[in-house]
Amino acid sequence: MNEYDLRVYAKAIRFCIEAHGDQKRKYTGSPYWHHPVNVSTSLIEMGITDIEMVCAAILHDTVEDTKVTNEDIIKEFGDGIADLVYWLTDVSKPADGNRAQRKELDRMHADCAPADAQTIKLADLIDNSKSILEHDPKFAKVYMAEKELLLDVLHKGSPTLMVKARAIVSDYKTTKHHN
């Protein structure tokens, strides 16, 4: 990354930390912002240095989980990053029905997402899966079934991340602890 990219990256991290405020990860109690930074780090470790993708990974939960709007993202980071964040934000609302119905709406949204957004979604799924499998085996049964269905629509995402994500689901299904 060049100097400009590093400034934007640092700005995205600051924005994420401020937006998520005192939110904590459900299972670990660590500051919530660790998760989106982990997602962006996994992209960088794969050699993905596209600043829009890296920043969208950092900001991927801000619209969904905080008071930040997509318009705020456009204002602070421009249309490219905001577009990716839009595709990474679940579209379902509680009024849309039960969990299965809401997750179907979110999958339909993810299916239409561009390849870069699907790649970030795969990195997000991998990071979330690790945490849920380790800390909430009961919820993991529901979560992993949902992620298996989600993987079927993320066909434009990184093949490398797809292999990792499918391995997590497959390993889960073949272990005895989830029954």
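1. At roughly what angle do the axes of helix α1 and helix α5 cross? The answer is roughly 150°, with the axes of α1 (residues 3-20) and α5 (residues 70-77) coming within 12 Å. Axes here are lines fitted to C-alpha atoms, for helices over the stretch in contact, and angles run from 0 to 180 degrees between N-to-C directions. Helices are DSSP runs (H or I, at least four residues), numbered from the N terminus.

2. Before going on, a word on what you're looking at: this is a predicted model, where local features need pLDDT of at least 70, side-chain atom pairs count only at pLDDT 80 or more, and totals for chains, interfaces and linings use all residues. Residues are numbered from 1 along each chain as its sequence is written, and side-chain values use heavy atoms, with hydrogens and water left out.

3. Back to that first pair. α1 and α5 are therefore roughly antiparallel to each other (that label is for angles over 145 degrees). Val-8, Lys-11, Ala-12 and Phe-15 are the α1 side of the contact, and Ile-73, Glu-76 and Phe-77 are the α5 side; contact means heavy atoms within 4.5 Å. By class, that's 5 nonpolar, no polar and 2 charged residues.

4. Now try α9 and α10. Their axes are 10 Å apart and the angle is about 135°. That makes α9 oblique to α10. On the α9 side, the residues in contact include Met-144 and Leu-151, and they meet α10 residues including Met-162 and Val-169. This contact divides into 9 nonpolar, no polar and 4 charged residues.

5. Next, the inside. The largest nonpolar core has 49 residues, and among those touching the most other members are Leu-59, Ile-73, Ile-81 and Leu-151. (A nonpolar core is a set of buried Ala, Val, Leu, Ile, Met, Phe, Trp, Tyr and Cys residues joined through side-chain atoms within 4.5 Å; buried means under 20% relative accessible area, with a 1.4 Å probe and protein chains only.) Helix α3 gives the most to this core, with 8 residues.

6. Ile-81 sits in helix α6 and is buried, with a relative accessible area of 3%. Leaving out residues up to four places away in sequence, Ile-81 touches Val-8, Ile-51, Glu-52, Cys-55, Ala-56, Leu-59 and Ile-73.

Note on methods
Helices (H or I, at least four residues) and strands (E, at least two) are DSSP runs, numbered from the N terminus. Angles under 35 degrees count as roughly parallel, over 145 as roughly antiparallel, 65 to 115 as roughly perpendicular and the rest as oblique. Ala, Val, Leu, Ile, Met, Phe, Trp, Tyr, Cys and Pro count as nonpolar, Asp, Glu, Lys and Arg as charged, and the others, Gly among them, as polar. Buried means under 20% relative accessible area, exposed over 50%, partly exposed in between (1.4 Å probe, protein chains only).
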